[in-house]
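Below are my notes, point by point, for you to read alongside the model.

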Amino acid sequence: MISLKKTLTLSVVSLFTLYSVSTGGVTEALSSNLKSAKSKTMSKLAVQALAPTTPTNLKSSIQSDTTLNVEWTASTDDSGIANYEIYINNALAGTVGGTQLFYTVTGLTAGTTYTVQVKAKNTSGVYSDLSQSLSLTTLSGKKVYEFEKLADVKHSGDALSKVNEKEASGGYHVFYQSNEVDDYIEYPFQIDANGSYEFNLRLKQFTNRGIAQVYVDNTPVGDPVDFYNVTARYINTMIGSMDLDASIKHSIKFKLIGKNEASSNYILALDSFYLSKKEAATIPSAPTAMKSTIQSDTSVNLEWTAATDAKGISSYEIYEQNQKIGAVPGTQTYFTATKLTSGQAYKFKVKAKNQDNVYSDWSNVLDISTLTGMTVLEFESLTGVKHSGKVLSKIGEKDSSDGYHTFYESNVTDDYIEYPFQISKAGKYQLDLRLKQFTNRGMAQMYVDGAAVGKPIDFYNSSASYKNITVGDVTLDSRATHAIKFVITGKNTASSNYIVALDAFYLKEAVAEDTLEPNNSIETASDIPLSHTISSNISSASDQDYYKFTPTKGGSYSLTLKSPTVKNYKLEAVNASGKKIAIRTTLNKQDLDVSFSVANDESVYLRIYDDLGAYGSGPYLIRISPPPHKVYTYNAASRLTKLEYEQGLYQYVIQYDYDSNGNCIASHLTKTLITN
């Protein structure tokens, strides 16, 4: 029989010669000028036929800051593998025997990436090809201490050995054959810098292991560590944290306190420990510029300038007064406060939290009120919508009223979308629309209950922007459900499509007729009786109301002006010649209380107006009262239990509570609007 090696050789020779195989052997007819070529080819092929296979499955199960453990699947060769050579960044790093399939590369730099390859050499000195390369990075941000490299170890006298294994950090672990409670082993170590460190331990578990308490500088750290497991395995475990001083030598000690009931002995197998310096916790900067660009009757959109922190912001927490109402991720700097009360004043603030769960100071406090005097209807909250069949979606944005708007992808003329809505009472309303414009928007005619309102609305703009527009007045009857509809009539010549983005619409009752007009000058001033509530309106930018107050006797009087909830009106007091005696403005949409004195037979003229364009949508109230007549109520122990009096627009009642010893412990104020 011809052997495999001979067959391979003959297959090449056949390229150059003609030969035959007979019982007596091989006879060849060769031309002399081919002998040299044949010889060289046979030699090269012989080497190729003798080369080992390439090592495969190169991998690493453990790295330290200065070492890399690598392992691979064995090469094969007829004559056997003599050794393996390990290369780091194309340079020979080490050699192991042909039966060893792992190696620990040492002397490396922390936090550095290396390329590892392996090749085999057979007993004839022939090499395989290099394995595929493996990219590995040494650990960074932590100091790794290999137990087998620490000198001056102390222990209770039992056998201590060093074991070489492919999964051991640095290639080795120590094996201490402790065999009873109170056996111990202690290693000295040093650090490079003062600080607080996190301590992690790598150990090998098995069925003959004990339980040990870890001590650093003779101080217990963490809970006792159980080295027992039903199978042999390496584990990493977090022990605890400690403060260390670089100027002194430290020690780490393991003291046997017992063993798992399933364990057969008290042995400890220690591989390495890791010290990670903990960065000092930082305090994030406070969020700033807390503001609101849009409010509805039941929601307020909030936004702020981001906080900063070296480790990053994990989240923001939003509060109303001292009550947490929500949280958002650290990448988001806006929030919509919902389920609020119409016409109510609120105080919002926000704080940041970093990755270490440390909070910033509060942002500025935002004083803001929800809308009143109108009904706000959010398109995304309306149900039962009908449309011409195009895609309809809901989009969340910080500038959308209540946090969302609807996006209808109409694309031809006559596409439509229709929303049903309800109102609390029939009447005449001013309808305002909030929409989002952009370059791909269409033009639409609005209809309410089938009747066109205003002119077609152009949703196009050269940049994305929200816009509030007054569409017109609508009269809504008492039907249970009304409908608002948008029909596409075309598009701006600059627009690329017919899309409509609808945010919200607002219904404001038409301003009531001012029955006291004309009273816009001193000469036409309306008389204001004492202790009588007047209700009237500022109905235009030029409108102003004058009142004349002439008491029957001189003295001190109280006046209250209550503006519409979302307005701030001004009040001037003047004499008969028009000279200003006093001027006041309602602030933050709150009541304005004024006390003044009048001489006998003197008249005071009051002027109410607005110079900021905030007129309309609701009446104001004004009332003048005499010096308060206070009514006191006492209990059987002659303690004051109730105080009642009238001042301006309100009737005030204060009630007092007492404990069993007669000490006043609380008072309660009730303030009632006087409407007549």
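1. A word on burial before we start: a residue counts as buried under 20% relative accessible area, as exposed over 50%, and as partly exposed in between, with a 1.4 Å probe and protein chains only. The model is predicted, so to speak of local features takes a pLDDT of at least 70, and side-chain atom pairs count only at pLDDT 80 or more, while totals for chains, interfaces and linings use all residues. Residues are numbered from 1 along each chain as its sequence is written, and side-chain values use heavy atoms, with hydrogens and water left out.

2. Let me begin with Lys-508, which is buried at 18% relative accessibility. Its side chain meets that of Asp-432 in a salt bridge, 3.0 Å from N to O; the term stands for a side-chain nitrogen of Lys or Arg within 4 Å of a carboxyl oxygen of Asp or Glu. Because Lys-508 lies in strand E39 (residues 500-509) and Asp-432 in strand E34 (residues 427-437), the pair ties together parts that are 76 residues apart in sequence. Strands here are DSSP runs (E, at least two residues), numbered from the N terminus. Asp-432 is buried as well, with a relative accessible area of 11%.

3. How many salt bridges are there by this rule? The count comes to 18. One of them joins Glu-71 to Lys-166, with the closest N and O atoms 3.1 Å apart. Glu-71 belongs to strand E4 (residues 68-73) and Lys-166 to the loop between strand E12 (160-164) and strand E13 (172-176), so this pair ties together parts 95 residues apart in sequence. Glu-71 is buried at 8% relative accessibility, whereas Lys-166 is partly exposed at 37%.

4. Glu-646 and Arg-623 are also worth a look: they form a salt bridge whose closest N and O atoms are 3.0 Å apart. The pair links distant parts of the chain, with Glu-646 in strand E50 (residues 640-647) and Arg-623 in strand E48 (residues 620-625), 23 residues apart. Arg-623 is buried, with a relative accessible area of 3%, and Glu-646 is partly exposed, at 26%. Elsewhere, Asp-449, Asp-477 and Arg-479 are linked in a salt-bridge network.

5. On to the aromatic side chains. The structure holds 21 aromatic pairs, where rings of Phe, Tyr and Trp (its six-membered ring) pair if their centres lie within 6.5 Å; planes under 30 degrees apart count as stacked, over 60 as edge-to-face and the rest as tilted. Phe-147 and Phe-273 are a tilted pair, because their ring centres are 5.4 Å apart and their planes meet at 50°. Phe-147 sits in the loop between strand E10 (143-146) and strand E11 (154-155) and Phe-273 in strand E21 (residues 268-277), so the pair ties together parts 126 residues apart in sequence. Phe-147 is buried, at 1% relative accessible area, and Phe-273 is buried at 1% too. Ring pairs join Tyr-145, Phe-147, Tyr-187, Phe-189, Phe-199, Phe-254 and Phe-273 into a cluster.

6. Finally, please look at the open antiparallel sheet, whose four strands run in the order E25-E24-E27-E28; two strands pair if DSSP finds at least two bridges between them. Strand E25 (323-329) and strand E28 (366-369) are the edge strands, each pairing on one side only. Strand E27 (residues 345-354) pairs with E28 over four bridges, and Phe-348 has Leu-366 in E28 as its bridge partner.
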